[in-house]
Amino acid sequence: MFKKMSLKDVPVEKLKGSRVFVRVDFNVPLENGVIMNDKRIRAALPTINYLIDHGAKIILCSHLDRPKGRDKRFSLKPVAERLSRLLEKDVFFVPDCIGEEVKSAIENLKEGEVALLENVRFYPEETKNDEEFAKKLAEFADIYVNDAFGTAHRKHASTYGITKFVDLAVAGFLLEKEIEYLRMALDNPKRPLVLIIGGAKVSSKLQVIENLLKVVDKMLIGGGMAYTFLKAAGYEVGKSLVEEDFVDSAREIMKMADSNGVKLYIPVDSMNAEEFKENTKVKLTTFKEIPEDMMGLDIGPATVKLFEEAMADAETIVWNGPMGVFEMEKFRFGTMAIGKVVASKKEALTIVGGGDSVAALELLGLEHSVDHVSTGGGAFLEFLAGKELPGVVALTDKE
């Protein structure tokens, strides 16, 4: 159960006429001022529309990328224009996020109107969680709503510091939904619970793996990190990516899985290449026969079959991370194949998080075939690693 107050706990009469400051995650991919994917904007619509319908004065705040000071390339103005189209109503873009200009714009807001403030990271005080900066943001809020799961793991002024200076800090519908799905999978899951984990490095996922070994029934390991596990199991992996400092950790994980009764699966075949390039020569081999002058860049069809069989009886599936070098089309096979398998599991609770895993579902047109697609990368991983998310901890407790 979600132990923090959410938007639906706030009496609707309290919303009417109130200035509701909503921290959203509009960190969308932009190229020359053009939004390449508006999924994160659309994910915030339920919260924004609810506030419009109940007569709030809505002030939206977000970051975009990691600007060094005020950089027009990272302005949220194109986001305001896209949001206007999605809401089918004007969204007032305010070219700052603190100060008199913002104050004036908010004073002119009528009930049900929406303003989007400029990129909060134009101020270095945001990421430093500067108290004075947080206080300035809080001046615009009668009620604070955090709907930015993607930044809930950050102790920043707009996600954490601001909550000290408002009377009421609640979760938006997206944040609440993200936490509830992850809790469903980890706190009291329908079993067998299967974790599919990929990505380049064991080091970046070590805490997730160690934490989830206490919870899962099966763990399927793909991506670059799999070669560190293959090395730990005593196999030669050619020029494949191996984190030598984590070979012992991988060995310990294998022992831990065994003692916890968790079935651990690593690839049985490998798509290998001479170079880390799209147009390089490739060769499919078993995991025992990776040539010494080649590197493994994707799982092969036998591993896909093995992983599919491992998921055959799954009641809950959590997938994070690609099975190969997803950014190169030649080494996308494994990730796409696993995406199809996960999406086909209609009887299981399926949760997918992480950029490349989600991108694979989108390329396949299957993002609506899983139960939940997370909008958070780092926050998703930190939650899986058993860490508390500062942006959630800071919210008002339910009475």
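1. Basis. This is a predicted model: local features need pLDDT of at least 70, side-chain atom pairs count only at pLDDT 80 or more, and totals for chains, interfaces and linings use all residues. Residues are numbered from 1 along each chain as its sequence is written, and side-chain values use heavy atoms, without hydrogens and water.

2. Fold. The protein chain has 15 helices and 17 strands (DSSP runs: H or I, at least four residues; E, at least two). Of its contacts between residues at least 6 apart in sequence, 74% join residues at least 24 apart (contact: heavy atoms within 4.5 Å).

3. Dimensions. The C-alpha atoms fill a box of roughly 70 × 45 × 35 Å along the principal axes. Buried residues make up 57% of the 399 residues.

4. Charge. There are 54 positive and 63 negative side chains (Lys and Arg positive, Asp and Glu negative; His and the chain ends not counted). The centres of the two sets lie 0 Å apart.

5. Aspartate 38. This residue sits in the loop between strand E3 (34-35) and helix H2 (39-43). Aspartate 38 counts as buried because its relative accessibility is 13% (buried: under 20% relative accessible area, 1.4 Å probe, protein chains only).

6. Its partners. The aspartate 38 side chain makes polar contacts with the side chains of arginine 42, at 2.6 Å, and arginine 82, at 3.1 Å (N or O atoms within 3.5 Å, one able to donate a hydrogen and the other to accept it). Not counting residues up to four places away in sequence, aspartate 38 touches Arg82 and Leu86.

Key
Buried < 20%, exposed > 50% of the residue type's maximum accessible area, 1.4 Å probe, protein only. Charge placed at Lys NZ, Arg CZ, Asp CG, Glu CD.
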